[in-house]
Amino acid sequence: MAGDKVGRNDSCPCGSGKKYKQCCENKEHSLSPGAWIAIVGVAVAAVVAVVMSFSVTAPPPAAVACPPGQVWSGEHGHCH
């Protein structure tokens with residue numbers, strides 16, 4: 001009967017002679033290499049975004065001068 005579910009203690013259908021739980025069960029529940037690459041890529045991008053958000057401070061642009069009585073704020077990116 002095609003479509004019958006293999007029990008954990010049944011012989012593995014791959015023909016190894018081992019029980020299913022000792023052979024192919026873990027292979028069906030693991031993530032593919034492509035999925036791992038995607039997960040790691042998203043995690044690295046998130047870490048880079050967090051690091052960049054804390055390290056972005058711009059010096060005053062050379063072409064822009066603050067009005068008299070104000071100073072450049074690198075923290076805010078404009079004159080105060």
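Please keep in mind that the model under discussion is predicted.

Let me now turn to the chain as a whole. The protein chain contains two helices and two strands, and, read from the N terminus, these elements follow the order α-α-β-β. Of its 80 residues, 8% are buried. The accessible surface amounts to about 6,600 Å², and carbon and sulfur atoms hold 64% of that area. As for contacts with a separation of 6 or more, residues 24 or more positions apart account for 0% of them.

I come next to the cysteines. How many disulfides does a search of the whole structure find? The search returns one. This disulfide joins Cys66 to Cys79, with an S to S distance of 2.0 Å. The two partners are 13 residues apart and link distant parts of the chain: Cys66 sits in the loop between H2 and S1, whereas Cys79 sits in strand S2, residues 78-79. The torsion about the S-S bond of Cys66 and Cys79 is about -85 degrees, and the disulfide is therefore left-handed. Cys66 has a relative accessibility of 25% and so counts as partly exposed.

Two further cysteines deserve mention. Cys14 takes part in no disulfide; the nearest cysteine sulfur belongs to Cys12, at 3.5 Å. Cys14 is partly exposed, at 47% relative accessibility. Cys23 is likewise in no disulfide, and its nearest cysteine sulfur, that of Cys14, is 3.6 Å away. Cys23 has 17% relative accessibility and counts as buried, because buried means under 20% relative accessible area.

Finally, I would draw attention to Ser73 in strand S1, which comprises residues 72-73. Is Ser73 buried or exposed? At 13% relative accessibility, Ser73 counts as buried. Leaving aside residues up to four places away in sequence, Ser73 touches His78 and His80.

Technical notes:
Residues numbered from 1 in each chain as written. Predicted model: local features only at pLDDT ≥ 70, side-chain atom pairs only at ≥ 80, totals over all residues. Heavy atoms only, no water. Helix = DSSP H or I, 4+ residues; strand = E, 2+ residues; numbered from the N terminus. Buried < 20%, exposed > 50% of the residue type's maximum accessible area, 1.4 Å probe, protein only. Contact = heavy atoms within 4.5 Å. Areas by Shrake-Rupley, 256 points an atom, 1.4 Å probe, with all protein chains shown as cover. Disulfide = S-S within 2.5 Å.
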